[in-house]
Amino acid sequence: MNWAGLYTVVSGVNRHSTAIGRIWLSVIFIFRIMVLVVAAESVWGDEKSAFTCNTQQPGCNSVCYDHFFPISHVRLWALQLILVTTPALLVAMHVAYQQHQEKKLLVLTGHGDTKHLEEVKKHKMRISGSLWWTYICSVIFRLLFEAVFMYIFYMIYPGYQMIRLVKCEAYPCPNTVDCFISRPTEKTIFTVFMLATSGICIILNMAELVYLVVRACARRAQRDSNPTSGKSSLYGHKLSTEYKQNEINQLLTEQDGSLKDMLRRNPGLQEKSDRCSAC
Amino acid sequence: MDWGTLQAILGGVNKHSTSIGKIWLTIMFIFRVMILVVAAEEVWGDEQNDFVCNTLQPGCKNVCYDHFFPISHIRLWALQLIFVSTPALLVAMHVAYRRHEKKKQFRKGGQTCEFKDIEEIKSQRFHIQGPLWWTYTSSIFFRLIFEALFMYAFYFMYNGFRMPRLVKCNAWPCPNTVDCFVSRPTEKTVFTIFMIAVSGICILLNVAEFCYLLIKVFLKKPVFFFF
């Protein structure tokens, strides 16, 4: 499991994201993960071996390095990127669940041939209903993680500039010892770059949040003024036009509770007005 | 996430590029990314370890290295290649958007049912016309800007493209002035000149593609330009 594996997993969610979500994903993978892997890791590669202290006291070098760098920038960024990309998996799981339910419904209503089942997999889920809430939660978690990590970064390394010299007094160093950091300017450049892209990602997430909320309110306003329109799933629409309500009721009385729940939750199939605020 | 994944992403844009664009992409990946990965990274691999200063003063080497090499050539090239390849994603996004619109139309059973299958929409090649022309031209424009910016940054930081053998350093804590010796200066100069030359060729190709697109549009009747 490496960054390429994460890319495969997360890019599957891409299809069900908004346009801003896709831009966010590209920025994450190209300007953050890729820069981390091809550039930043080699800049910080010799951070300990080239950390030199003006003393011959054994152990002083290690102790001072550990005191000033409790966790390396590169590891902090790697953790940040992993935590920030994983909320998208919530959406992936919800989409997989919805697709499973749709397939079950198709089989029950006699459309269980491979062509229809394949189309369930391929069609893009509309971000409405419970999927909307899941999506919003994932965006909020992303924002939270980004903010938390930027704060942690600022707490551990106040100021984003990497200094050339640190003065260390930890035991066993005799008195105060000058220690020199390797490649401070290059590290500062990459730190600023990574923070800037982190800021851009935060802005994109906020924009996506605002877009989703505005879209949901607009849909609700449209639905309030025109209650007969709007279905929330592809097959919901097809089935409700092909089948009369009493046939679906027949299915409801015959089938198990989970399917009844799905039909109850999925207003498009029932042709009732939508009570969900986000549809 | 590495150069291979970037190549896979950009390879998808290739289908909708002009011939010059395809040549540009090939040069990018073979003469720049590949050379960077298989050769240049090894040449610069020991740049700090083998940067030797004529002093025993601890810390002097680190400080002098940092003073003369604020950012390594390798990292600058890696950033340049990433920034120069990403405008092509604008084109990829626009093409994906158009495909999405066509699929929506196809599903609704639109009057122009020229596609038998949704799969055909996926493999269809879009001609560079109308809004796609503007997106494509903007992407070339951004590529040119990034290339030029990075070449200027390079020249500005390293005062020319030659790697000196010896640098004289007097940053604290070095006592007075100290001689520091750069590792593999000739080999580094050779690769620097090579990468700059290929960068220049890429700039020329981008300019040629830009002119080609402009000429293509002005040769057609003006009324078609805006659709």
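The predictor assigns the complex an ipTM of 0.79 and a pTM of 0.80. For chain B, the average pLDDT is 86, and 90% of the residues score at least 70. Where pLDDT is low, the predicted coordinates should not be read in detail.

The contact between the two chains involves 37 residues from chain A and 33 residues from chain B. The area buried between chain B and chain A amounts to about 3,000 Å², and carbon and sulfur atoms contribute 66% of this area. Polar contact was found for 12 residue pairs between chain B and chain A, with both residues at pLDDT 80 or more. On the side of chain B that touches chain A, two or more residues are given by each of helix H1 (3-14), helix H3 (60-68), helix H4 (73-85) and helix H5 (87-107) of chain B. Divided by class, this side of chain B comprises 18 nonpolar, 9 polar and 6 charged residues.

Across the interface of chain B and chain A, 3 salt bridges were identified. One of these salt bridges pairs B:Glu47 with A:Arg183, with a separation of 3.3 Å between the closest N and O atoms.

An unreviewed UniProt entry carries the annotation "domain: Connexin N-terminal" for residues 42-75 of chain B. In the model, the span of residues 42-75 of chain B is 41% helix and 6% strand, and its end C-alpha atoms are 13 Å apart.

Note on methods. Residues numbered from 1 in each chain as written. Chains lettered and ligands numbered in written order. Predicted model: local features only at pLDDT ≥ 70, side-chain atom pairs only at ≥ 80, totals over all residues. Heavy atoms only, no water. pLDDT = per-residue confidence, 0-100. Contact = heavy atoms within 4.5 Å. Buried area = accessible area lost by both parts, 1.4 Å probe. Salt bridge = Lys/Arg side-chain N within 4 Å of Asp/Glu carboxyl O. Polar contact = N/O pair within 3.5 Å; in protein donor to acceptor, adjacent residues only side chain to side chain. Helix = DSSP H or I, 4+ residues; strand = E, 2+ residues; numbered from the N terminus. Nonpolar A, V, L, I, M, F, W, Y, C, P; charged D, E, K, R; others polar. UniProt positions renumbered as here; feature names shortened; annotations may be inferred.
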